Amino acid sequence: MHVLLTAGPTYEPLDPVRFLGNRSTGKMGYALAEAFAAQGATVTLVSGPSQLPDPASPRIHTVRVETAAEMFAAAAEVAAEADVWVFAAAVADYRPAQVAVDKIKKSGETLTLELVKNVDIAATLGQRKRAEQFAVGFALETTNELAHAQDKLHRKNFDLIVLNSLRDAGAGFGHDTNKVTVLDAAGQIVNFELQSKADVARGLVSLILARLTPSS
Ligand code: CTP
């Protein structure tokens, strides 16, 4: 089995020394890569800038990228041949409209940046998903969590969506623990306890594998 995984943040350059980014560490995505590899899968881990070292498993091929556009190109290259897609990356929704060649100098009292929308990696690949392929998305929500997650699942053609709520202590960016809720297209819900990201990853991988090979 071949798994395509996106992980970490993206950095969108503004000038040679500055970028727009976010606080994603990549921990959840890297833990998922390890958990899939432990089950014998081959993993292509397309990672935005993360402090984490490349996973040591020979089954995990790590591709380092910086921007959403680079992440899309790397993911699109292997998407057709992957059996499972997991979109754990915190992709920047917008990027600066212009990237200055030289460092932007301080001038006026305010500075307005124009931003343009980035490609939605999950949604774009979702349109090309074949019936036998399985896609899993993530959603980080602060309000109307279940409704927003259900909406994203349908819009992006996911088979499962993993919902993180920032309301839960110990969940989300930077923590070693996570508390997630998994939804499927039929509206079925599985709640995971607060546990280490490694344990959440193992639980998610067994749930995904069970969906791929139904026992009946
Ligand atoms: N995603 C992606 N490419 C993007 C944005 C999001 O692949 N440009 C993926 C994420 O990896 C995640 C899912 O889509 O699996 C949902 O991401 P999220 O940022 O919650 O969704 P958005 O569509 O950006 O919605 P929001 O308005 O809540 O930011």
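This is a predicted model: local features need pLDDT of at least 70, side-chain atom pairs count only at pLDDT 80 or more; totals for chains, interfaces and linings use all residues.

Me: What is the volume of the largest pocket, and which residues lie closest to its centre?

Reply: A pocket, unlike a cavity, is an open set of points. Here the largest pocket has a volume of about 900 Å³. It is lined by 36 residues, and the closest to its centre are Ala-89, Ala-90, Val-91, Phe-138 and Leu-140. The elements that give two or more residues to this lining are S1, helix H1 (27-38), H3, strand S9 (134-141) and helix H4 (145-155). By class, the lining of the largest pocket divides into 16 nonpolar, 12 polar and eight charged residues.

Me: What can be said of the second largest pocket?

Reply: The second largest pocket has a volume of about 190 Å³. Among the residues that line it are Leu-14, Arg-18, Ser-107 and Leu-111. Its lining has three nonpolar, three polar and four charged residues.

Me: Let us turn to helices. How should I check the length of H1?

Reply: One compares an expected span with the distance between the end C-alpha atoms. At 1.5 Å a residue, the 12 residues of H1 should span 16 Å, and its end C-alpha atoms are 16 Å apart, which agrees. The expected span uses one less than the number of residues.

Me: How many of the residues of H1 are buried?

Reply: A residue counts as buried when its relative accessible area is under 20%. H1 is mostly covered, with nine of its 12 residues buried. The buried residues include Met-28, Tyr-30, Leu-32 and Phe-36. After H1 comes Gly-40, whose phi is positive, near 95°.

Me: Which residues of H2 are buried, and against what do they pack?

Reply: The general idea comes first. An α-helix has 3.6 residues a turn, so residues three or four places apart point the same way. In H2, the buried residues are Ala-68, Met-71, Phe-72, Ala-74, Ala-75, Val-78 and Ala-79. They pack against several elements, among them strand S1 (2-7), strand S4 (42-47) and helix H3 (121-126).

Me: Where is Leu-207, and is it buried or exposed?

Reply: Leu-207 is in helix H5. With a relative accessible area of 16%, Leu-207 is buried. Leaving aside its neighbours within four places in sequence, Leu-207 is in contact with Leu-160, Val-182, Val-190 and Phe-192. Val-190 is 17 residues from Leu-207 along the chain, and their C-alpha atoms are separated by 9.6 Å.

Me: How many salt bridges does the structure hold?

Reply: A salt bridge requires a side-chain nitrogen of Lys or Arg within 4 Å of a carboxyl oxygen of Asp or Glu. The structure holds 10 salt bridges. In one of them, Asp-159 pairs with Lys-129, the closest N and O atoms being 2.8 Å apart. Asp-159 lies in the loop between H4 and strand S10 (160-165) and Lys-129 in the loop between H3 and S9, so the pair ties together parts that are 30 residues apart in sequence. Asp-159 is partly exposed, at 23% relative accessible area, whereas Lys-129 is buried, at 17%.

Me: Which residue forms a salt bridge with Lys-152?

Reply: Lys-152 forms a salt bridge with Glu-141, with the closest N and O atoms 2.5 Å apart. This pair links distant parts of the chain, for Lys-152 is in helix H4 and Glu-141 in strand S9, 11 residues apart. Glu-141 counts as buried, at 8% relative accessibility.

Me: Is Glu-132 buried or exposed?

Reply: Glu-132 is exposed, with a relative accessible area of 55%. Its side chain meets that of Arg-130 in a salt bridge (2.8 Å, N to O). Arg-130 counts as partly exposed, at 38% relative accessibility.

How values were computed. Residues are numbered from 1 along each chain as its sequence is written. Side-chain values use heavy atoms; hydrogens and water are left out. Buried means under 20% relative accessible area, exposed over 50%, partly exposed in between (1.4 Å probe, protein chains only). Helices (H or I, at least four residues) and strands (E, at least two) are DSSP runs, numbered from the N terminus. Contact means heavy atoms within 4.5 Å. On a 1 Å grid over the protein atoms alone, a cavity is a set of points where a 1.4 Å probe fits but cannot get out, and a pocket is an open set with protein on both sides within 12 Å along at least five of seven lines; lining residues have an atom within 4 Å of a point. Grid points are joined across faces, edges and corners, and a volume is the space filled by probe spheres set on the points. Ala, Val, Leu, Ile, Met, Phe, Trp, Tyr, Cys and Pro count as nonpolar, Asp, Glu, Lys and Arg as charged, and the others, Gly among them, as polar.
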